[in-house]
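Q: Could you walk me through this model? I'd like to begin with its surface and then go on to the helices.

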Amino acid sequence: MNCSVPTPLKRAVFDRAIAALSVLSCIVYIFTAAPTVFWLDSSEWVAGAFELGIPHPPGHPLFIILGKIATLIPLGSIPFRIHLLCGLMISCTIWIAGKVALEIWGEKSGLAILLCLPLIGLSLPMWFHGVRAEVYPLNLLIGTLIIWCC
């Protein structure tokens, strides 16, 4: 059997492993999320999402609307809910990045992809933006979605 032909079983195993790693990163972000407002622009984004206001130009209306939806979930404080949203967006970014990498490099590089995803997901910049209210997780998510669709 030719090793370059992707087998559905191998693909399914890698897809499940990538999903498991993104869920694991989401759990880490949940347990390390800031319980209240955080420093820098985090308080502005929380207030803007809660009031449906414009924090500062350009305002990022999509983040504000998604943040408002997150504030309606009855779980913890208002800032904590928005921090969870950012952690979820980073976790989805990790999942999509793993799918894209698997599509580009194939199953031969699957183990390397599975080893790199936790390093990327738990790196300081990703973790720092995944545990507080910030627009960068949404930007990363949209960027990886665009790459995945291409």
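A: The accessible surface of the protein comes to about 8500 Å², and 77% of that belongs to carbon and sulfur atoms; accessible areas come from the Shrake-Rupley method with a 1.4 Å probe, and for residues only the protein chains shown count as cover. This is a predicted model, in which local features need pLDDT of at least 70 and side-chain atom pairs count only at pLDDT 80 or more, while totals for chains, interfaces and linings use all residues. Residues are numbered from 1 along each chain as its sequence is written, and side-chain values use heavy atoms, with hydrogens and water left out.

Q: How many helices and strands are there?

A: The protein has seven helices and zero strands, where helices (H or I, at least four residues) and strands (E, at least two) are DSSP runs numbered from the N terminus.

Q: What percentage of the residues count as buried?

A: Of the 150 residues, 41% count as buried, with buried meaning under 20% relative accessible area, exposed over 50% and partly exposed in between (1.4 Å probe, protein chains only).

Q: OK, on to H5: which of its residues are buried?

A: In H5, the buried residues are Gly-110, Ile-113, Leu-114, Leu-117 and Gly-121. They cover an arc of only 100° around the axis, which puts them on the same side of H5; the arc is that of the directions from the helix axis to the C-beta atoms.

Q: And what does the face turned away from the buried side carry?

A: That face of H5 carries the exposed residues Leu-111, Leu-115 and Leu-119.

Q: What covers the buried residues of H5?

A: The cover includes helix H1 (8-32), helix H4 (78-105) and helix H6 (124-130), contact being heavy atoms within 4.5 Å.

Q: Switching to H1, which residues are buried there?

A: Phe-14, Ile-18, Leu-21, Ser-22, Ser-25, Cys-26 and Tyr-29 are buried in H1, and what covers them includes H4, H5 and H6.

Q: Is Phe-31 buried or exposed?

A: Phe-31, which has its place in helix H1, is exposed, with a relative accessible area of 71%.

Q: Last one: what about Ile-64, buried or exposed?

A: Ile-64, found in helix H3 (residues 61-71), is buried, with a relative accessible area of 5%. Leaving aside its neighbours within four places in sequence, Ile-64 is in contact with Trp-45, Gly-48, Ala-49, Leu-52, Gly-53, Pro-55 and Gly-59.
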